Amino acid sequence: TSVNADAFVRNATLFSRLGGAPEVDFFVRAFYGKALVDGRIRKFFDFDDATEMEIQLRKQIAFVSTLLGGPLFDGMAATAARHHLKSLGLTVVHFDAFIQHLTSIARGHNMPPPLVEELLQFSASLKSEMLG
């Protein structure tokens, strides 16, 4: 893994401590791979063709990067995203599936346990925001 150990010393953003853009790209793509075969959440991530899928992946990577303290995302505002997901029927079951897959990816990627915990705590903090 390319976790940036020096970033711990400098109290960098979670985005930096995870390894920046390459690692966020890896996590989002790995997550989509899991989400697309999970009947609980597939409908939130499946698109009609490969071109549309790549467009959505890039938007998700940019959005997640911003959430983690990386570059600002110039796309759908968080409020609009939340309303869109709620209109698709987002529930606690879906969010828990997200956390389950995120945990699996982080641990399978040999991320240091304290960083896994921080990522999971951060993700869990979004639960009330997204489901609110």
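The accessible surface of the protein comes to about 7,500 Å², and carbon and sulfur atoms account for 59% of that area. The model is predicted. Of the 132 residues, 37% count as buried. The secondary structure consists of eight helices and zero strands, so that the pattern along the sequence reads α-α-α-α-α-α-α-α. Among contacts between residues at least 6 apart in sequence, 65% join residues at least 24 apart.

**Helix α3 against helix α5**

- Helix α3 covers residues 21-35 and helix α5 covers residues 50-67; their axes come within 9 Å and cross at roughly 130°.
- Because of that angle, α3 is classed as oblique to α5.
- The crossing in which α3 passes α5 is right-handed.
- On the α3 side, the contact involves Val24, Asp25, Val28, Arg29 and Tyr32.
- On the α5 side, the partners are Met53, Glu54, Gln56, Leu57, Gln60, Ile61, Val64 and Ser65.
- By class, the residues of this contact between α3 and α5 are seven nonpolar, three polar and three charged.

**Helix α3 against helix α7**

- The axes of α3 and α7 come within 10 Å, with a crossing angle of roughly 125°.
- That angle makes α3 oblique to α7.
- The crossing of α3 and α7 is right-handed.
- Helix α3 contributes Phe26, Phe27, Ala30, Phe31 and Lys34 to the contact, while α7 contributes Phe98, His101, Leu102, Ser104, Ile105 and Ala106.
- Eight of the residues in the contact of α3 with α7 are nonpolar, two are polar and one is charged.

**Helix α7 against helix α8**

- Helix α7 (residues 92-108) and helix α8 (residues 113-131) have axes that come within 10 Å and cross at roughly 165°.
- Angles over 145 degrees count as roughly antiparallel, and α7 is therefore roughly antiparallel to α8.
- Helix α7 passes α8 in a right-handed crossing.
- From α7, the residues in contact are Val92, Phe95, Asp96, Phe98, Ile99, Leu102, Thr103, Ala106 and Arg107.
- From α8, they are Val116, Glu117, Leu119, Leu120, Ser123, Ala124, Leu126, Lys127, Met130 and Leu131.
- The contact of α7 with α8 has 13 nonpolar, two polar and four charged residues.
- Phe98, Leu102 and Ala106 of α7 are among the residues that meet α8, and Phe98, Leu102 and Ala106 are also listed in the contact of α7 with α3.

**Histidine 101**

- Histidine 101 lies in helix α7.
- Its relative accessibility is 11%, so histidine 101 counts as buried; the cut-off for that class is under 20%.
- Leaving aside residues up to four places away in sequence, histidine 101 touches Phe31, Lys34, Asp38, Arg40 and Ile41.
- Two of these, Phe31 and Lys34, belong to the α3 side of the contact with α7, in which His101 takes part.

**Histidine 83**

- Histidine 83 is found in helix α6, which spans residues 78-87.
- With a relative accessible area of 49%, histidine 83 is partly exposed.
- Histidine 83 and leucine 131 are 48 residues apart along the chain, and their C-alpha atoms are separated by 9.2 Å.
- Leucine 131 is also one of the α8 residues in the contact with α7.

**The loop between α7 and α8**

- Histidine 109 is located in the loop between α7 and α8.
- Histidine 109 has a relative accessible area of 17% and is buried.
- Computed along the sequence, histidine 109 and phenylalanine 27 are 82 residues apart, but the C-alpha to C-alpha distance is 9.2 Å.
- Phenylalanine 27 is among the α3 residues in the contact with α7.
- Asparagine 110 is found in the loop between α7 and α8.
- At 62% relative accessibility, asparagine 110 counts as exposed, whereas histidine 109 is buried.
- The phi angle of asparagine 110 is near 60°, a positive value in a residue other than glycine.

How values were computed: Residues numbered from 1 in each chain as written. Predicted model: local features only at pLDDT ≥ 70, side-chain atom pairs only at ≥ 80, totals over all residues. Heavy atoms only, no water. Axes fitted to C-alpha atoms, helices over the stretch in contact; angles between N-to-C directions. Helix = DSSP H or I, 4+ residues; strand = E, 2+ residues; numbered from the N terminus. Parallel < 35°, antiparallel > 145°, perpendicular 65-115°, else oblique. Left-handed = near helix turned anticlockwise from the far one by under 90°. Contact = heavy atoms within 4.5 Å. Nonpolar A, V, L, I, M, F, W, Y, C, P; charged D, E, K, R; others polar. Buried < 20%, exposed > 50% of the residue type's maximum accessible area, 1.4 Å probe, protein only. Areas by Shrake-Rupley, 256 points an atom, 1.4 Å probe, with all protein chains shown as cover.
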